[in-house]
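Look over the sequence and the model shown below. The text then goes through a sheet and some helices.

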Amino acid sequence: MKIHEYQAKEILRGYGVAVPRGKLVQSKEEAIAAAREFLSGERKVCVVKAQIHAGGRGKGGGVKLAKSPEEAGGIFEKMMGMQLVTHQTGPQGQKVRKVYVEEGMDIARELYLGITLDRALARNVLMASSEGGVEIEEVAATHPEKILRAAVDPVVGLAGYQARDLAFELALSGSAVNSFVKFASAMYRAYDATDASIVEINPLVVTKAGEVIALDAKINLDDNALFRHKQLAALRDPDEEDPREAQAKEHDLSYVGLEGNIGCMVNGAGLAMSTMDMIKLAGGQPANFLDVGGGADEAKVTAAFKLLLADPQVKAVLVNIFGGIMKCDVIAGGIIAAAKQVKLDMPLVVRLEGTNVKEGKALLASSGLAITPADDLGDAARKAVAAARR
């Protein structure tokens, strides 16, 4: 589950991670008041930031500097409600519904710091780079030697010497070293305690006074652990999610929207991936990943079928079911019920195999619906691609 920058910073602050002062604002007047507070004293600028679940906001015009409260108010008016386009949103962009005003920093250096699970090592890995403010994927592609790593023992946690080694490798010195060690340790505690899948600070800034502070923050939370964190689950923002994916979650379906025109309904993540591969091999494009799971009943299958047919870009539907825990006749009943409810008007290719396959095929054959049966996965993919083209 993704959350906004301001939410991530609030979580990090609770674990002792240094973050700038900031306020979420909902009106021009609130933006002016926040900017007036943050521009007091020696601060010469504040920052107005659009809050969406995507990176690259600065390049898209979603991060602006303001030198006066009035300028901050003007930026807010232009930013709120804009369709912000970044490399992560796609050409359609994402509507800005939240704006965050934050104090400016006296930046001496920009770094990168992130924590995630390295499945190959079976360890959480702390990653650091001197190339702050740049997408880490770009750094990995162009300057892989600039990505520093420290694998963390899950029993011991992040050791002090590991954080110090990273600080020295980043060429930090003086008080910045101790500040970095404190920051990294607190960041790891936050990552571990919240069951996050990634915590990323980009850029991590070193101020002229030698303080290490999170100028930006990204936290993704593990959906499978949210039952342990009710307060974190409440941070979900439905406005930032694909409506189809949000609808799928209501029915406990695993769904990811894609850009093709062949809707896929499959039981099992591995089989779903194989189905999409076979569609591609046959020259087509899958419109989605949809796993109904191993124990779905007729109601769940009906909900999945409605979800597929509600996608306007879908021109054909491929159902690929291997009946183990889930019986083929149950799937067949769900397909028939859903097709009749939504008044199916597009090609439907069905491949059934496994438990009660004869009963399932018999139900489909006697349904009176225009269903194209398939003998195997390759046959199903070819028939679905041909049907979509027609």
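Which residue in β3 is the bridge partner of valine 47? The partner is leucine 65. This is a predicted model, in which local features need pLDDT of at least 70 and side-chain atom pairs count only at pLDDT 80 or more, while totals for chains, interfaces and linings use all residues. Residues are numbered from 1 along each chain as its sequence is written, and side-chain values use heavy atoms, with hydrogens and water left out.

Strand β2 (residues 46–50) runs antiparallel to β3 and is joined to it by four bridges. Strands pair if DSSP finds at least two bridges between them; helices (H or I, at least four residues) and strands (E, at least two) are DSSP runs, numbered from the N terminus. β2 and β3 belong to an open, antiparallel sheet of four strands in the order β1-β6-β2-β3. Its edge strands, β1 (22–25) and β3 (63–66), each pair on one side only.

Helix α1 (residues 5–14) lies across β1, β2 and β6 (99–103), at about 50° to β6. Axes are lines fitted to C-alpha atoms, for helices over the stretch in contact (heavy atoms within 4.5 Å), and angles run from 0 to 180 degrees between N-to-C directions. Helix α3 (residues 69–79) lies across β1, β2, β3 and β6, running at about 160° to β3.

Elsewhere in the chain numbering, the axes of α9 (residues 269–281) and α13 (residues 377–389) come within 9 Å and cross at roughly 55°. The contact is made by Ser274, Thr275, Met278 and Ile279 of α9 with Leu377, Gly378, Ala381 and Val385 of α13.
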